[in-house]
Every structure is written in C-alpha cells, then in structure tokens.
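I opened this model to look up a few local features and wrote down what I found. The entries follow in the order I made them.

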Amino acid sequence: MSSIGASFRLARAGWIMVREGVVAALPGDQLDGLPKLGWRVAKIFTRRRARTKQRSDRLANAIARLGPSYVKLGQFLATRPDVVGDEIALDLALLQDSMATFPVSEAVDAIEGSLGRSVSDLYVKFGDPVAAASIAQVHPAEVATPDGVRKVAVKVIRPGVRKRFFQDLESYFLAARLQERYIPSSRRLRPVQVTETLAQTTKVEMDFRLEAAAYSELGENTKDDPGFRVPSVDWERTGRDVLTMEWIDGVKLNDIEGLRAAGHDLKAIAATLIQSFLRHTLRDGFFHADMHPGNMFVDAKGDIVAVDLGISGRLGKKERRFLAEILYGFITRDYTRVAEVHFEAGYVPRKHDVAAFAQAIRAIGEPIHGQPAETISMAKLLTLLFEVTELFDMETRPELVLLQKTMVVVEGVARSLDPAFNMWKTAEPVVGNWIAGNLGPRGLLVDARDGLGALLSLARQAPDLSARAERLSREIDAMAENGLRFDDATAHAIGKAEARHTRSGRIALWVIALTLVYIAWKLL
C-alpha cells in the first residue's frame with residue numbers, strides 16, 4: 001500500500017509539473033525517441049497562461065502547489081548543481097521559502113507539547129507570527145530575566161510537516177529507484193544516495209535542538225571575531241519542536257537603501273562577510289550553508305548577525321587544506337601545486353597525469369590574471385575547476401559542492417554591497433594566515449603531534465587487533481575449506497527483499513500507467 005500511495009503522489013507531482021510548464025521549459029530539442037515524445041506531449045498539456053512565463057516562475061508555481069516538502073526538495077537540489085545542472089540549480093535557488101502562516105493556537109499546542117509547560121509560564125508575552133516558511137514560523141515573544149523583560153524570537157514547527165514530508169519522501173525514493181533502473185546514464189549521479197542525503201538533512205533540520213546546537217557551536221567559534229555573530233539560544237525554552245533565541249533588530253543585507261540610511265559602511269560589511277565566511281570554513285571547518293541576504297542582518301553596531309542555521313556545512317582538515325592550497329595556488333599562479341593537491345587528497349585517480357591536469361587548471365587560471373581583480377569571481381573559478389575535474393574522473397564531493405554553492409551566494413551578496421569588490425585582495429589575508437599556520441613549520445608540528453597521538457592509540461588497541469586478526473584468519477580458512485555459506489535467516493531475508501522489490505516495481509509502473517490513462521481520459 002505504501003508503494004501504491006507513493007506512486008499516486010509521484011504521478012500527481014509529475015502532472016502538476018507538466019501543467020505548470022516545468023517539463024516543457026526543459027531543453028528537449030536534443031532529445032530523441034520516447035524522451036522527446038514525452039517532452040512534446042508535455043508542451044501540449046501545459047496551461048496556456050504558463051506558456052508565457054519564465055522557467056523559474058513556472059518552477060516556483062509548481063512547487064508552491066506541491067507543498068512544503070517540495071519547497072525543501074527544491075532548496076536541497078539548489079545545492080547540488082552536479083545533479084540538476086547549473087541553470088536549474090540557479091532557478092531553484094530563487095525559490096522563496098515563504099508559506100502561509102498557521103494559527104497561533106496550533107503553535108501554542110506545539111510549544112506546550114514539546115516543552116511540557118504552558119506558554120503563559122514560559123513567556124510573558126507571545127505574539128502573532130511575523131514570518132512563515134516550509135518547516136516553521138517565527139513569533140515575537142518576551143521572557144522574564146533577572147535583568148528585566150527581554151524580547152525573543154520563537155521558531156515553531158509547522159503542524160503535520162513531518163508526516164507530509166515522509167510521505168512525499170517515499171515518492172522521491174520511488175522516482176530515484178526507477179531512474180537508476182531504467183536510465184543507466186543517470187546512475188553516476190547516484191539518485192538514491194542523493195535522496196538519502198535529503199532525508200537525513202531534513203530530519204536534522206526538523207529537530208530544532210540540533211539547530212540550537214549549531215548556533216551554539218558557531219557562536220563559540222566566532223565569539224572573538226570582528227563584525228560577525230549569531231543570536232544566543234534560550235535553552236530553557238528550546239525543544240524538538242520549538243527554538244527560542246535572541247531577537248535581532250537590524251537591517252537585512254538585501255535592503256541596500258536601508259543600510260545606507262542607517263549609516264553603515266557597505267564596503268566594510270562586504271569585506272567582513274567574505275572574511276568571516278572564509279574563517280568559518282578554513283579555521284573551524286563549520287560554516288553557515290544558507291547565507292542568502294534574507295538570513296543576515298546588520299545590527300546598530302554594524303555587526304553582521306546570521307540567522308536560520310537549519311543548513312550548515314562541515315569540512316575536514318583534508319578538505320580545508322585542499323581549499324586553501326587551491327585558492328592560494330591560483331593567487332600565486334602555481335598550477336602544478338594546485339594539481340598535486342587534487343592527487344594528494346585522493347580526489348583525482350592516480351591513473352591520470354599530474355602535468356596534464358595542471359595544464360587543464362592553467363586554462364582556468366591564466367584568463368583570470370588578465371582581468372581586473374574586482375571582476376574575478378572566486379565562486380565562478382571553483383565552478384570551472386569542478387567542471388574540469390569531472391574530465392579527470394573526480395567523484396562528486398557533496399561537502400565541496402555545498403561549499404561552492406554557499407560561496408556563490410556569499411560572493412553575490414558582497415558584490416551587491418560593493419560592485420567594485422576585490423574578492424582576492426579581501427580573501428588573501430585569511431587564506432595566507434591559514435596556510436602559514438597550518439602548512440608551515442607550526443602546521444608540521446601539529447601534524448606530528450596528531451600522528452604521534454594516532455600511533456599511541458593504535459598501540460593501545462594492539463592486543464584487540466591481534467585477536468581480531470587471528471579470528472578472521474580462522475574464518476577465512478573455514479570458508480576456503482567449506483565455501484561461503486548463508487544461514488537460513490539470511491537466505492530467507494534476501495529472497496523476501498528481492499521478491500518485494502520486483503513486486504513493488506511492477507505495482508508502481510501499473511499505478512503510474514493507470515493514472516496517466518485516467519488523466520488523459522479526463523482531458524478528453
């Protein structure tokens with residue numbers, strides 16, 4: 001029954017995409033066979049009023065009709081241009097996560113159910129919603145403190161959003177499995193794995209305790225940073241379904257005239273924004289991954305205050321070194337070193353030639369040095385770099401794609417504040433300091449200390465590792481003598497899973513076919 005429901009929901013979503021002209025707006029001229037026939041049929045069934053709209057508007061209308069979980073899907077795919085392509089990712093990035101508000105009474109029920117206390121006990125005053133998105137809405141409120149009454153922002157989960165999302169998630173998995181099965185060329189994009197990533201990130205985003213922890217971590221990392229901060233969290237009034245934090249009074253970064261009227265230095269704000277993002281990325285390995293201008297305010301002191309930390313990114317030490325050396329290599333025109341970093345990190349297979357790869361990178365870097373610095377886009381450079389690495393079999397790295405996408409947004413915001421913004425001059429102190437501290441003599445000492453710690457840890461585990469090796473050796477000898485055997489439970493589970501997979505696929509295809517026949521009959 002779950003597969004049948006997922007099939008119907010998937011067919012409905014496809015029909016809405018067709019009617020709103022999303023399918024017809026895709027580049028189908030180069031298709032052939034059944035795909036091209038389907039594209040032409042989709043053009044016939046497109047609404048007349050949708051045919052005059054831009055592709056981004058068609059996409060926005062379709063996703064608005066499909067509901068909150070599809071808004072979240074669109075936002076997630078906007079961070080994966082490797083999956084949907086740069087143009088579609090750009091259209092998805094324009095989606096406005098703005099939904100109708102839900103009643104205050106339902107927000108009160110969610111708060112009291114999550115925290116186990118009445119709203120009147122938690123807050124001196126609890127106001128009507130001031131903003132609503134796909135997962136939650138925000139209310140102004142006031143709390144009593146030893147220093148007096150303090151204004152706070154209360155983020156409350158949207159009723160029923162988890163159930164709706166997990167229902168739609170079944171449809172996403174069905175579509176991904178069908179895609180992998182019937183479109184072999186798409187398997188390299190790993191649609192099922194991409195859907196699993198979406199499921200995991202959204203589960204995290206729907207637990208506000210984890211978002212509160214992200215605020216806390218980023219707050220600790222940036223407590224001594226100039227010009228950047230995040231709101232403080234009220235842990236007493238925070239739970240799975242509710243997040244209470246400091247209320248921010250300020251001007252949004254997309255309100256350029258408002259920033260000027262408040263007397264803020266736009267060039268200084270642009271520099272602070274870029275340097276802060278690079279510090280978070282290189283120094284801490286933890287960054288805000290949704291830094292669009294609607295999520296950032298400038299307070300009365302001129303500090304940037306970032307909100308909505310539902311999406312964050314992490315980079316390990318290897319990835320941070322990779323990013324820093326790449327950026328510094330382009331700054332110093334050391335293309336051989338940039339190529340070597342890719343091989344040392346294991347991103348490009350050893351079967352390729354370092355010199356040939358360096359030549360491809362030079363093709364990206366040299367045109368940049370012939371331009372004024374203020375016209376060079378670091379984000380575009382990374383985009384071109386990832387396109388070239390695909391030619392050398394570099395596998396998709398989701399953390400680097402998320403970093404690239406965030407950098408595109410942050411750099412765009414900085415240039416909107418200062419059209420003559422020099423990205424490289426602003427970035428060089430942060431990148432250079434990180435390289436000096438982590439790849440110079442001090443960095444070598446830190447690496448040596450970490451290596452010694454790893455050796456000591458391995459020595460402590462030696463007896464256990466020896467026992468495991470001996471046990472593994474005996475099991476291998478037994479397999480060599482008797483062959484590989486499954487126990488009855490394992491064999492039964494494999495057979496049951498295979499039967500269920502085959503049956504579910506047949507049911508799904510029949511349901512989709514019958515649904516399309518029904519739709520065609522209704523139209524006639």
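**Surface patch**

I looked up Leu34 and found it exposed, with a relative accessible area of 69%. My cut-offs are under 20% relative accessible area for buried, over 50% for exposed, and partly exposed in between (1.4 Å probe, protein chains only). This is a predicted model, so I note that local features need pLDDT of at least 70 and side-chain atom pairs count only at pLDDT 80 or more, while totals for chains, interfaces and linings use all residues. Residues are numbered from 1 along each chain as its sequence is written, and side-chain values use heavy atoms, with hydrogens and water left out.

I placed Leu34 in helix H2 (residues 33-45). Helices (H or I, at least four residues) and strands (E, at least two) are DSSP runs numbered from the N terminus. Leu34, Leu37 and Val41 make a nonpolar surface patch of about 300 Å². For a patch I take residues with over 30% relative accessible area and no salt bridge, joining like charges within 9 Å and nonpolar side chains (Val, Leu, Ile, Met, Phe, Trp, Tyr) within 5 Å. Accessible areas come from the Shrake-Rupley method with a 1.4 Å probe, and for residues only the protein chains shown count as cover.

**Salt bridges**

How many salt bridges does the structure hold? I noted 26. A salt bridge here is a side-chain nitrogen of Lys or Arg within 4 Å of a carboxyl oxygen of Asp or Glu.

I looked at Lys155 and Asp308, whose side chains meet in a salt bridge at 3.6 Å, N to O. This pair links distant parts of the chain, 153 residues apart: Lys155 is in strand S4 (residues 148-157), and Asp308 is in the loop between strand S10 (304-306) and strand S11 (312-314). Lys155 is buried, because its relative accessible area is 12%. Asp308 is partly exposed at 25%. I also checked the backbone of Asp308: its phi is near 60°, a positive value in a residue other than glycine.

Arg283 forms a salt bridge with Asp284, with the closest N and O atoms 2.8 Å apart. Arg283 counts as partly exposed at 35% relative accessibility, and Asp284 counts as partly exposed at 23%.

For Asp303 and Lys301, the closest N and O atoms of the salt bridge are 4.0 Å apart. Asp303 is buried, with a relative accessible area of 17%, whereas Lys301 counts as exposed at 69%. I then noted one network, in which salt bridges that share partners join Arg117, Asp121, Asp234, Glu236 and Arg237.

**Cavity**

I searched the whole structure and found 1 cavity of 30 Å³ or more. A cavity is a set of points, on a 1 Å grid over the protein atoms alone, where a 1.4 Å probe fits but cannot get out; lining residues have an atom within 4 Å of a point. The largest cavity holds about 40 Å³ of space, a volume being the space filled by probe spheres set on the points.

Which residues line the largest cavity? I listed Phe322, Leu323, Ile326, Leu382, Phe386, Leu400, Leu403 and Gln404. Helix H14 (317-332), helix H17 (378-391) and helix H18 (398-417) each supply at least two residues of this lining.

**A contact across the sequence**

Lys163 and Ser69 are 94 residues apart in sequence and 10.0 Å apart in space, C-alpha to C-alpha.

How values were computed:
On a 1 Å grid over the protein atoms alone, a cavity is a set of points where a 1.4 Å probe fits but cannot get out, and a pocket is an open set with protein on both sides within 12 Å along at least five of seven lines; lining residues have an atom within 4 Å of a point.
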